[in-house]
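Take a slow look at the chain below. Follow its strands and helices, then read on.

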Amino acid sequence: MTDPSTQQLSPMSGSEPATAGIPDDALCIVPLRNMVLFPGVMQSVTIGRADSVAAIEVAVRAGRRIGLLLQKDPAQEHPSGTDLYDVGTAASVLRFVTMPDGGRHLVCSGESRFRATEFLAGFPYLVARIAIPPTVAGNELEIEARFRYLKSRALEGLALLPQVRPEVAATIEDMTSAESLGDLVAGFLDCEPAEKQALLATLDLTERLDKLIVLLGRRIEVLKITRDIERQT
C-alpha cells in the first residue's frame with residue numbers, strides 16, 4: 001500500500017506549460033471557508049472543491065505558489081472573486097496528497113501578503129493578478145516596545161495551554177522580528193476568521209500589533225478563567 005504522505009504530483013507531459021496563459025504577476029487562487037494563513041506559518045488544509053484541486057495541481061506541477069483568500073460567506077459553495085476578501089497570503093505547497101478516503105490534503109507554508117487586483121476570465125479555477133502591499137513600519141521604538149510586550153504575553157499564553165511542545169516557546173523566545181512574531185502569534189491565536197482577516201489586512205505594523213495584543217489579552221483572560229474553573233471542580 002502506498003503511504004499517502006509520500007505521494008507526489010508528476011510534471012505534466014507534453015510541451016504545453018502547466019500554467020499556460022497565466023501571467024507572471026498572477027496566482028492560482030484557492031478560497032478558504034474558515035481559515036486565514038499568515039506569512040511564516042505552516043498549516044494543513046482539507047480541500048474538497050474540484051476547482052480548488054485543479055488550481056493546486058496546476059501550481060504544484062509548475063512549481064508556482066498559490067494564493068489563499070478567505071471567503072466572506074463560508075456557506076458560498078462556488079465563490080467568485082467578489083465573494084472573497086482581497087488581501088490574502090501567497091503560499092508554497094509543501095505537500096498535496098490524496099488520502100485513502102478520497103479526500104485531498106494540502107500542507108502549505110505562508111510566504112507573503114498579497115492583494116488581488118483583478119480576477120481573470122478563461123480558466124476553470126480562480127486566477128487573479130496580484131500586488132504585494134508594503135508594510136508600514138512606523139516608529140522603531142514603538143515597534144520595539146510592542147514586540148517585547150507581545151513576546152511576553154505570547155509566552156504567558158503558552159504556559160496556560162496543556163501539552164504545548166517546548167520548541168514552540170523556544171521559537172518565540174528566539175524571534176527578533178516584530179512582524180514575524182506578530183504573524184506567528186496571529187496564526188496560532190484562537191479567534192474568529194474575520195478577526196484574523198482584519199489582522200492580515202492591516203498593513204500598518206504598529207496598528208496590527210496593537211490589534212493583536214488586544215485579541216491575545218482576551219484569549220489569555222479566557223484561559224485563566226478556564227484554569228480557575230478546572231481547579232475548583
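In which sense do E4 and E5 pair, and over how many bridges? They pair in the antiparallel sense, over eleven bridges. Keep in mind that this model is predicted. E4 and E5 form a hairpin, with five residues between them. Gly102 sits in the turn and has a positive phi of about 95 degrees.

E4 also has bridges to E3. Three bridges join these two strands, which run antiparallel. Here Gly67 has Ala90 in E4 as its bridge partner.

Now turn to helix H5, residues 193-201. Its buried residues are Pro193, Lys196, Gln197, Leu199 and Leu200. Why do they lie on the same side of H5? Because they cover an arc of only 160 degrees around the axis. An α-helix has 3.6 residues a turn, so residues three or four places apart point the same way. What covers the buried residues of H5 includes strands E3, E4 and E5, along with helices H4 and H6.

Next come the nonpolar cores. In soluble globular proteins, nonpolar side chains tend to be buried together. The largest nonpolar core here has 45 residues. Ile47, Leu68 and Leu150 touch the most other members. H6 gives the largest share of this core, eight residues. Look at Ile47 again. Beyond its neighbours within four places in sequence, Ile47 is in contact with Val30, Ser52, Val53, Ile56, Phe96, Arg104 and Leu106. Another core, of ten residues, lies apart from the largest one. Among its members are Leu27, Leu69, Ala90 and Phe114.

Notes. Residues are numbered from 1 along each chain as its sequence is written. This is a predicted model: local features need pLDDT of at least 70, side-chain atom pairs count only at pLDDT 80 or more; totals for chains, interfaces and linings use all residues. Side-chain values use heavy atoms; hydrogens and water are left out. Buried means under 20% relative accessible area, exposed over 50%, partly exposed in between (1.4 Å probe, protein chains only). Helices (H or I, at least four residues) and strands (E, at least two) are DSSP runs, numbered from the N terminus. The arc is that of the directions from the helix axis to the C-beta atoms. Contact means heavy atoms within 4.5 Å. Two strands pair if DSSP finds at least two bridges between them. A nonpolar core is a set of buried Ala, Val, Leu, Ile, Met, Phe, Trp, Tyr and Cys residues joined through side-chain atoms within 4.5 Å.
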